[in-house]
Amino acid sequence: RSIVNLLQVDRNMVANTLLEATSREDEDAYITIPHYSPGSEWDRWVMLPMLYACERGIVNQMQKLLRGMPHFEGVSRESLDRFALDNFRLDDDQESAARMALTQKFSILTGGPGMGKTAITKFITQSLLDQGANILQVAPTGRAAKQLRDATGVEAMTIHRYIGKVKAARDADDEEAIKALEFDVAIMDETSMTDTWLMYQFLKYLPSKAIVMLVGDIDQLAS
């Protein structure tokens, strides 16, 4: 139904295309996955092998990241008061979001424009820097990375650049460079602009000790 609505095409054409794909002898061209939704019968999802492998890879990488424990303190009243002096006081919801991000290994910060995502991210980065954290900030585009850097005062780069740096360091067996890229915390902004393949690559190259925070607008169009 979502495909029909999104593409504004005939429902029967979509159904026939999927039936044709799943009846092909070349099974390398697709993967079918049994799926069950509560209140409905079993059906099959059709996926490209690459996307299926990436989605499984994302799950595996998240499981590895979640095995560790957060190693930074949560939100203190002192840190909130200090942030309020130079910026503004976080409201209850924003403070709760900051506490969650600082005490969990993997968190998602979402909300529409004007909901305070940037302010929360700035507070979190300041709190982590006060605790001596080595922070990685990334975004899908150079413009988004610059905006993130300007908002938090912490250097940011594109996701592709980070992956390229890690690959180059590992290929050169440069232990010093590899160590410099083993960040304690990874913050990704504009996450909804990141496709499945890129998300998998990003998570794959993160150190397992890293705390990960994904920031974005759930209502923004996906990549």
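A: A polar contact is a pair of N or O atoms within 3.5 Å; within protein, one must be able to donate a hydrogen and the other to accept it, and residues adjacent in sequence count only if both atoms are side-chain atoms.

Q: What kind of model is this, and how are its residues numbered?
A: This is a predicted model, in which local features need pLDDT of at least 70 and side-chain atom pairs count only at pLDDT 80 or more, while totals for chains, interfaces and linings use all residues. Residues are numbered from 1 along each chain as its sequence is written, and side-chain values use heavy atoms, with hydrogens and water left out.

Q: Which residue has a side chain joined by a polar contact to that of aspartate 184?
A: The partner is lysine 209, and the polar contact between the two side chains is 3.2 Å. Aspartate 184 itself lies in the loop between helix 9 (175-180) and strand 6, where helices (H or I, at least four residues) and strands (E, at least two) are DSSP runs, numbered from the N terminus.

Q: Is aspartate 184 buried or exposed?
A: Buried means under 20% relative accessible area, exposed over 50%, and partly exposed in between (1.4 Å probe, protein chains only). Aspartate 184 counts as buried because its relative accessibility is 14%. Leucine 51, which belongs to helix 3 (residues 49-66), is by contrast partly exposed, because its relative accessible area is 30%.

Q: In what order do the strands of the open sheet follow one another?
A: Two strands pair if DSSP finds at least two bridges between them. Here 5 strands form an open sheet with parallel pairing, and their order is 3-7-6-4-5. The edges are strand 3 and strand 5 (157-158), each of which pairs on one side only.

Q: Which strands are joined to strand 7 by bridges?
A: Strand 3 (residues 106-110) runs parallel to strand 7 and is joined to it by 5 bridges, with phenylalanine 106 having valine 212 of strand 7 as its bridge partner.

Q: Which way do the residues of strand 7 point?
A: In a regular strand the side chains alternate between the two faces of the sheet. In strand 7 (residues 211-216), Ile211, Met213 and Val215 point one way, whereas Val212, Leu214 and Gly216 point the other way. The strand is mostly covered, as 6 of its 6 residues are buried.

Q: Why is strand 4 described as largely enclosed?
A: Strand 4 (residues 135-139) is largely enclosed by the rest of the structure because 5 of its 5 residues are buried.

Q: How many bridges join strand 4 to strand 6, and over how many does strand 4 pair with strand 5?
A: Strand 4 and strand 6 run parallel and are joined by 4 bridges, and in this pairing glutamine 137 stands opposite isoleucine 187 of strand 6. With strand 5, strand 4 pairs in the parallel sense over 2 bridges, where the bridge partner of valine 138 is methionine 157.
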